[in-house]
Amino acid sequence: MSRQANRGTESKKMSSELFTLTYGALVTQLCRDYENDEDVNKQLDKMGYNIGVRLIEDFLARSNVGRCHDFRETADVIAKVAFKMYLGITPSITNWSPAGDEFSLILENNPLVDFVELPDNHSSLIYSNLLCGVLRGALEMIRKLRYTANA
Amino acid sequence: MADAALFEFLHTEMVAELWAQDPDPGPGVSAGPRGEGGRAAGQKMSLSVLEGMGFRVGQALGERLPRETLAFREELDVLKFLCKDVWAAVFQKQMDSLRTNHQGTYVLQDHSFPLLIRMASGLQYLEEVPKFLAFTCGLLRGTLSTLGIKSLVTASVAALPACKFQVVIQRS
């Protein structure tokens, strides 16, 4: 019985590490393909954006959240529902701008960087920049979805 | 714990991205040096890049396995482990069948390969399929490598989403 249980947790762990390891392989490959960190950052953002516009549908289908009435609610859903669902973490929301149109998400334990060591010659690399693109793509898409629903 | 869907999304984007980097006009368009020969070279490069990435990930995954799983009695046990435990961990299902000629060739069959399911079923997009299999072939080859087995892994599709992986053990 316990062997079965061990197998289950082992599977889950491997499954989670698969994404982290694949992401690492991708960043490594991009650093080889592009000559400077800035281009890698842009590429990660672009790829993240493409993922985000598709991920939002998966999120809406699986999470059952209703419409957000303001940006603060949006921030909450991102941190407490989306990040929890996809990365198993809940970043903290801080740094609200006075106008309430800008905030920061702080990831204490970023699963993307498990087992990762950046060499010294990549000081401008934003390793997790894919996440920025994903957020950007998902949020742009949801605005469009809202407009479509309204019409 | 990263959700399983994330790997699928990332994989799809990687295939799109690594393919797009070869700005090829398509077959039959140019008769110059970038004609048929150019396309073949571009294709090979992208496939091998994807396969190489899969290999590194497979190696790393293999290294993270607990000690007792690494003590296999024979080669067939390793392949069974690949079909059950590794496949379940990576794709949330087991391989549907494993066959061998007992002379170092194994055919692993998945009737419903998750990375192909979203694409189509049947014969549509058959030409596009190799790009979606390259990473996984590398992953199998990489995990086998960590488990002490050198191999060549290829994949073929007769009709989506069913897929066959052929593992040929390389004896040095």
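Modeller: Here are some questions and answers about the contacts and spaces in this structure. This is a predicted model, in which local features need pLDDT of at least 70, side-chain atom pairs count only at pLDDT 80 or more, and totals for chains, interfaces and linings use all residues. Residues are numbered from 1 along each chain as its sequence is written, chains are lettered from A and ligands numbered from 1 in the order in which they are written, and side-chain values use heavy atoms, leaving out hydrogens and water.

Biologist: Happy with that! How many residues of chain B are in contact with chain A?

Modeller: Contact here means heavy atoms within 4.5 Å. By that rule, chain A brings 35 residues to the meeting, and the number from chain B is 32.

Biologist: What share of the area buried between the two chains do carbon and sulfur atoms give?

Modeller: Buried area is the accessible area (1.4 Å probe) that two parts lose on being put together, summed over both. Between chain A and chain B that comes to about 3200 Å². In chain A, Met14(A), Leu18(A) and Phe19(A) lose the most, together 20% of what that side buries. As for carbon and sulfur atoms, their share of the buried area is 67%.

Biologist: Which salt bridge partner does Lys46(A) have in chain B?

Modeller: Side chains of opposite charge can pair when their charged atoms come close. The rule asks for a side-chain nitrogen of Lys or Arg within 4 Å of a carboxyl oxygen of Asp or Glu, and it finds four such bridges across this interface. For Lys46(A), the closest N and O atoms are 3.6 Å apart, and the partner is Glu17(B).

Biologist: And which helix of chain A gives the most residues to the side that touches chain B?

Modeller: Helices are DSSP runs (H or I, at least four residues), numbered from the N terminus. Helix H1 (2–33), H2 and H3 of chain A each give two or more residues to that side. With 19 residues, the top contributor is H1(A).

Biologist: Why does the pair Arg54(A) and Glu13(B) join two chains?

Modeller: Their side chains meet in a salt bridge, 3.8 Å from N to O. Arg54(A) lies in helix H2 of chain A and Glu13(B) in helix H1 (residues 4–20) of chain B, so the pair joins two chains.

Biologist: Now the open spaces: which helix supplies the largest share of the lining of the largest pocket?

Modeller: On a 1 Å grid over the protein atoms alone, a pocket is an open set of points with protein on both sides within 12 Å along at least five of seven lines, and lining residues have an atom within 4 Å of a point. Among the 33 lining residues, Ile56(A), Ile78(A), Ala138(A), Leu139(A) and Ile142(A) are the closest to its centre. The largest share, 12 residues, comes from H4(A).

Biologist: Last one: how far is Tyr49(A) from Gly137(A) in space, C-alpha to C-alpha?

Modeller: Tyr49(A) lies in helix H2 of chain A. Leaving aside residues up to four places away in sequence, Tyr49(A) touches Gly133(A), Val134(A), Arg136(A), Gly137(A) and Glu140(A). Although Tyr49(A) and Gly137(A) are 88 residues apart in sequence, their C-alpha distance is 4.3 Å.

How values were computed:
On a 1 Å grid over the protein atoms alone, a cavity is a set of points where a 1.4 Å probe fits but cannot get out, and a pocket is an open set with protein on both sides within 12 Å along at least five of seven lines; lining residues have an atom within 4 Å of a point.
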